Amino acid sequence: MTSDPTPVQKIAELAKGIDFAMLTTVDETGAFVSRPMAQQDTDFDGNLWFLSSKSSRKVEHISAQPRVGVALTSRDVWVSVSGTAEVLTDPDKAEELWSPQMEGWFPQGPRDDSVVVVKVTGETAEYWDTPGGLVASVLSLVKVKTTGERYQGNENEVVEL
């Protein structure tokens, strides 16, 4: 007998395997700035982890205004996390999160002084899931065309983290 996952477990299940995210910060003029980031720890527990350069604009933005948004997406899953970011100078954590792909951005390695860890502590998350994936979506859309009824093929929920 299996129990239904908790809302946080559902977010973790959906976020697992999504390697890239869009991290949105607020700049000095109040404008939103989004950029792709490699998600470093996919065992979602309410926190998201990224590596960055200490001298990057995103680090400046986070230092001035820590409220951020993170969007994760795959072919049939969308997750939006709202939370607070902090920049950590923690070589041990950077090494723990390190993957060979990171060498493209940080050839000097995880213990270099220019590498920092960005921790996003999620406060809320909203997800849209398409159970059954692309095939179920296509079948549902065909049903919409033939019956004229509104599409009802995805799950959507806001989760407090």
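1. Strand 1 and strand 2 make a hairpin in which five residues lie between the two strands, and G30 in the turn has a positive phi of about 95°. Strands here (E, at least two residues) and helices (H or I, at least four residues) are DSSP runs numbered from the N terminus, and two strands count as paired if DSSP finds at least two bridges between them.

2. On the basis of these values: this is a predicted model, in which local features need pLDDT of at least 70 and side-chain atom pairs count only at pLDDT 80 or more, while totals for chains, interfaces and linings use all residues. Residues are numbered from 1 along each chain as its sequence is written, and side-chain values use heavy atoms, with hydrogens and water left out.

3. Strand 1 has two pairings to follow. With strand 2 (residues 32–38) strand 1 runs antiparallel and is joined by seven bridges, V26 having F32 as its bridge partner in strand 2. With strand 4 the arrangement is also antiparallel, through four bridges, and here L23 has V70 as its bridge partner. Five of the seven residues of strand 1 are buried, so this strand is largely enclosed by the rest of the structure; buried means under 20% relative accessible area, exposed over 50%, and partly exposed in between, for a 1.4 Å probe and protein chains only.

4. When its neighbours within four places in sequence are left aside, V120 is in contact (heavy atoms within 4.5 Å) with L23, G46, N47, L48, F50, V68, V70, T84 and A85.

5. Six salt bridges are found in a search of the whole structure, a salt bridge being a side-chain nitrogen of Lys or Arg within 4 Å of a carboxyl oxygen of Asp or Glu. In one of them K10 pairs with E155, and the closest N and O atoms are 3.3 Å apart. Because K10 lies in helix 1 and E155 in strand 7 (residues 155–160), the pair ties together parts that are 145 residues apart in sequence. K10 counts as buried at 12% relative accessibility, whereas E155, with a relative accessible area of 31%, is partly exposed.

6. K93 forms a salt bridge with E96, with 3.0 Å between the closest N and O atoms. Both residues lie in helix 3 (residues 91–97), three residues apart, which is about one turn of the helix. K93 is buried, at a relative accessible area of 14%, while E96 counts as exposed at 56% relative accessibility.

7. The side chains of R111 and E95 also meet in a salt bridge, at 2.7 Å from N to O. This pair links distant parts of the chain, with R111 in the loop between helix 3 and strand 6 and E95 in helix 3, 16 residues apart. R111 counts as partly exposed at 43% relative accessibility, and E95 counts as partly exposed at 41%. Elsewhere, salt bridges that share partners join K10, D129 and E155 into one network.
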